[in-house]
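Subject: Structure handover

Hello,

Here is the structure we spoke about. Please open it first, then read the notes below.

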Amino acid sequence: MEDQENMDGPVVTECERCPELVEARSRIVNGTGPEDAELLIVGEGPGESEDREGEPFVGRSGAELDEKLRDHGIDRETTRITNCVRCRPPENRDPTKEELENCRGYLEREIELVDPELIMTVGKVPSEHLLGRDVAVTKEAGSVEDCRLGGTARRVLISVHPAAMLYDRSQEETFDATVEQAASLIGAGDEDGQSRLGSF
């Protein structure tokens, strides 16, 4: 992979594979959070706020995500958060199949290094990208699927995107229940989870 040498752990330092994204981005937005997190949250790609600040999920949907994580005893500081593509698509359009594939190696490498207990995909694009099939996110939110990523079996929890709540408050219950399930699956808030939270 030509750009592999420009990857420091799960951090991509330079990449020119997608001309439109290179043109549109201010910077490459890498994942944040510990490299041994129990929970890895995967979104679609950076938006305007993320492109400006260089961190995933920092806009309004990020605030919604943080609040729900807190409500269920999950600390953002102990959670790894990343995206399928690391550069903002122009006009916040969905990434193309080719762009997703261009960035796939980086995402798989990050998953391999973090080795999370659970991957939570937020929204249609990351759910379909990782599971390799069509996903009806609203109907399937909260379902856990085993899939092979980079040759390793992983548990993937499908979730609606936190931004869905900004446009349709009826999605809040669905998102809340899914985050609660994630907390239960990684043991957040139990004694083990507490000592783990305290160690960061």
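Start with the largest pocket, which has a volume of about 480 Å³. Pockets and cavities come from a 1 Å grid over the protein atoms alone: a cavity is a set of points where a 1.4 Å probe fits but cannot get out, and a pocket is an open set with protein on both sides within 12 Å along at least five of seven lines. Lining residues have an atom within 4 Å of a point. Grid points are joined across faces, edges and corners, and a volume is the space filled by probe spheres set on the points. The lining of the largest pocket has 21 residues, and Gly 45, Gly 47, Glu 50, Ser 61 and Asn 92 are the closest to its centre. Two or more lining residues come from each of α2, α3 and α7 (163–167). Helices (H or I, at least four residues) and strands (E, at least two) are DSSP runs, numbered from the N terminus.

A word on the source. This is a predicted model: local features need pLDDT of at least 70, side-chain atom pairs count only at pLDDT 80 or more, and totals for chains, interfaces and linings use all residues. Residues are numbered from 1 along each chain as its sequence is written, and side-chain values use heavy atoms, with hydrogens and water left out.

Next, the cavity. The count comes to one cavity of 30 Å³ or more. The largest cavity has a volume of about 110 Å³. Of its 16 lining residues, Cys 15, Cys 18, Arg 86, Cys 87 and Cys 103 are the closest to the centre. Helix α4 gives the most to this lining, with four residues.

Now the nonpolar core (buried Ala, Val, Leu, Ile, Met, Phe, Trp, Tyr and Cys residues joined through side-chain atoms within 4.5 Å). The largest one has 44 residues, and Leu 39, Ile 41, Ile 119, Met 120 and Phe 175 touch the most other members. Elements that each supply at least two residues include β3 (39–43), α4 (97–114), β5 (118–122) and α8 (171–186). Ile 119 has contacts (heavy atoms within 4.5 Å) beyond four places in sequence, among them Leu 40, Val 42, Ile 111 and Arg 155.

Then the charges. The whole structure holds 17 salt bridges, each a side-chain nitrogen of Lys or Arg within 4 Å of a carboxyl oxygen of Asp or Glu. Lys 68 pairs with Glu 172, with the closest N and O atoms 2.8 Å apart. Lys 68 is in helix α3 and Glu 172 in helix α8, so this pair ties together parts 104 residues apart in sequence. Lys 68 is buried at 5% relative accessible area, while Glu 172 is partly exposed at 25%. Buried means under 20%, exposed over 50% and partly exposed in between (1.4 Å probe, protein chains only). Arg 155 also forms a salt bridge, with Glu 117 (3.4 Å, N to O). Arg 155 lies in strand β7 and Glu 117 in the loop between α4 and β5, so the pair ties together parts 38 residues apart in sequence.

Asp 51 lies in helix α2 (residues 48–53).

Best wishes
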